[in-house]
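Let's walk through a protein model together, one part at a time. Keep the sequence and the 3D view open as you read.

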Amino acid sequence: MTRDPFALWVYLAERPLLWLTVTLVAYGLADRLSQAARRHPLANPVLIAAAMIGAVLLGLGVPYDRYFDGAQFVHFLLGPATVALAVPLYENRHAVRRALVPMAAALVAGSVVTLVSAVLILMAFGVSPAVMASMAPKSVTAAIAMAVSEGMGGDPALTAVLVILTGIFGAMVGLPLLGALGLGEARAAGFAVGIAAHGIGTARALQFSPEAGAFAAIAMALNAVLTALLAPPLFRWLMGQG
Amino acid sequence: MVQVFAVLLACQLAGEVVARMSGVPVPGPVIGLMLLFAVMAWRQRISAVLPAASGDGTLEATAHGLLRHLSLLFVPAGVGVIQRLDVLGRDGVALVVALVVSSVLGLVVSALVFRALARRSAGGPA
C-alpha cells in the first residue's frame, strides 16, 4: 500500500493506464468543445486534445516516450481503422464507380499542384534542399511520407511533424473554404480533403457525411500511392530547374 | 464485435505481409482496406469461411463506430508534434507559408477539376 502521494505519482506516471486515460479524457473534452462550437472548423478536436495533453506533459516534465507507452494503444487502432474505411467505401461504391474519371483527374492535378507549389515556395524562401525534400510529401499518411522524404534526402522527423500539421490544417480549413468557394458538394469536397489532408482530413469528412468520408478515404489511399511513385522524380526535376 | 476486430486485424496483417513481400510503396493498412473491400464484395460467395459478423450488419456497425472517433486515433501523434515543433527550426515561417498555400491550392484545384469532369460525365450540371 502506498501512502506517500509522490510515490503514488511516480508509480502511475510510469504505467500506461494513466496516459491512456488522459488521452481518452482529453479527447472527450475536446470533442465536447467541438460539439458546443457546432463543429466550428477552428475547434478541431485533434488540435485541442493534443494541445491540452502537451501542456500537461510539459507542466509535469513527463517525456513523450513515457506518454506514448500509454497512448500507443490508441495509436495502434489507426491500422484497423484504416482497414475499416473499406466499409463506407463499399457502401458508396456505386457513387465512386460513377466518378472514376473525375477522381483520376482530380488526384493527379491536386497531388502535383500541392507538391510543386510547396517546393517552389520553399525555393523562393531559399531553404535547403533537405528541408524541401522533407516538405514535398507532407499531404500523405505519415508512414509513406517519411519513407519518401528520407529517400529524397529529407529528415523523416521533420516530415512527420509537417504531415500532422498539414492534416490538422486541411481538416480545419478544407470544407469551410471549399463551401465558401461554391465547391462544397460532398464528393468533390471529400475527395479534395482526402488528397490535401490524408487521414485527419478524412476523419473530418466522415463527420460531414458518409459520402464525403468515402471519397476522402479513396483520395487518401490513391494519393499515398501516387506520391510514393511521383514525388521522387518530380522533386528531382524541380531541383534541376532551380 | 470481437469477430469484426479479428477480420479487421487479419486484413491488416495480410496487407502488411503483401506490402513487405512485394515492396510496393503502399502502407499495409491500405492494402488491408482493399482486401476488406474485396471480402465485402464477395461475401455471399465465401460466407462459409467468414464469421457470421461479416454478413449480419455487425461489420458495418463496428466499422462506423470505430470511424466515428477516427480523430481520437491521431491524438498521440498530435501530442508528439506539439513536443517536436522545434524541428521546424529557423525555417518555421517558410514551412508554415508553404504548408498553408500549397494545401489551399491543392484543395481548390482538386475540387475544381473533380467538379468540372463530374459535370461533363453526367452530361449536365450535377
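## Chain B: its overall build

Along the principal axes, the C-alpha trace of chain B spans about 60 × 50 × 30 Å. Please keep in mind that this is a predicted model, in which local features need pLDDT of at least 70 and side-chain atom pairs count only at pLDDT 80 or more, while totals for chains, interfaces and linings use all residues. To find your way around, residues are numbered from 1 along each chain as its sequence is written, and chains are lettered from A and ligands numbered from 1 in the order in which they are written.

Chain B has five helices and zero strands (helices are DSSP runs of H or I with at least four residues, strands are runs of E with at least two, and both are numbered from the N terminus). The domain assignment, which is automatic or comes from a database, divides chain B into domain 1 (1-68) and domain 2 (74-126). The C-alpha centres of these two domains of chain B are separated by 29 Å.

How much of chain B is buried? Of its 126 residues, 42% count as buried. A residue is buried if 20 or more other C-beta atoms, placed from the backbone, lie within 10 Å of its own, exposed if 12 or fewer do, and partly exposed in between. Within chain B, 33% of the contacts with a separation of 6 or more join residues 24 or more positions apart; two residues are in contact if their C-beta atoms, placed from the backbone, lie within 7 Å.

## Where the two chains meet

Now bring in the partner. The contact between the chains takes 65 residues from chain B and 89 residues from chain A. On the chain B side, the elements giving two or more residues are helix 1 (2-22), helix 2 (28-41), helix 3 (58-68), helix 4 (75-83) and helix 5 (92-122). Which of these gives the most? Helix 5 of chain B does, with 24 residues.

By class, the side of chain B that touches chain A has 49 nonpolar, twelve polar and four charged residues. Here Ala, Val, Leu, Ile, Met, Phe, Trp, Tyr, Cys and Pro count as nonpolar, Asp, Glu, Lys and Arg as charged, and the others, Gly among them, as polar.

## Chain A: its overall build

Chain A has 13 helices and zero strands. A compact globule of 242 residues would have a radius of gyration near 18 Å, and the 20 Å of chain A agrees with this. The C-alpha atoms of chain A fill a box of roughly 65 × 40 × 30 Å along the principal axes. Buried residues make up 53% of the 242 residues in chain A.

Chain A is assigned domain 1 (5-76) and domain 2 (83-241), and their C-alpha centres lie 27 Å apart. Where these domains of chain A touch, six residues of domain 1 are in contact with seven residues of domain 2.

Look next at helix 8 (residues 100-125) and helix 12 (residues 186-208) of chain A, which pack at an angle of about 35° with their axes 10 Å apart. The axes are lines fitted to C-alpha atoms over the stretch in contact, and angles run from 0 to 180 degrees between N-to-C directions. Among the residues making this contact are Gly110(A) of helix 8 and Phe191(A) of helix 12. The contact has seven nonpolar, three polar and no charged residues.

Helix 12 of chain A also holds His198(A). Phi of His198(A) is near 35°, a positive value in a residue other than glycine. His198(A) is buried, because 31 other C-beta atoms lie within 10 Å.

Val163(A) lies in helix 11 (residues 156-180) of chain A. Val163(A) counts as buried because it has 30 C-beta neighbours inside 10 Å. Leaving aside neighbours within four places in sequence, Val163(A) is in contact with Lys138(A), Ala142(A) and Ala145(A).

Pro232(A) sits in helix 13 (residues 210-241) of chain A. Is Pro232(A) buried or partly exposed? Pro232(A) counts as partly exposed, because it has 17 C-beta neighbours inside 10 Å. Pro232(A) and Pro137(A) are 95 residues apart in sequence, with their C-alpha atoms 9.2 Å apart in space.

Key
Rg over C-alpha atoms; globule rule 2.2 N^0.38 Å.
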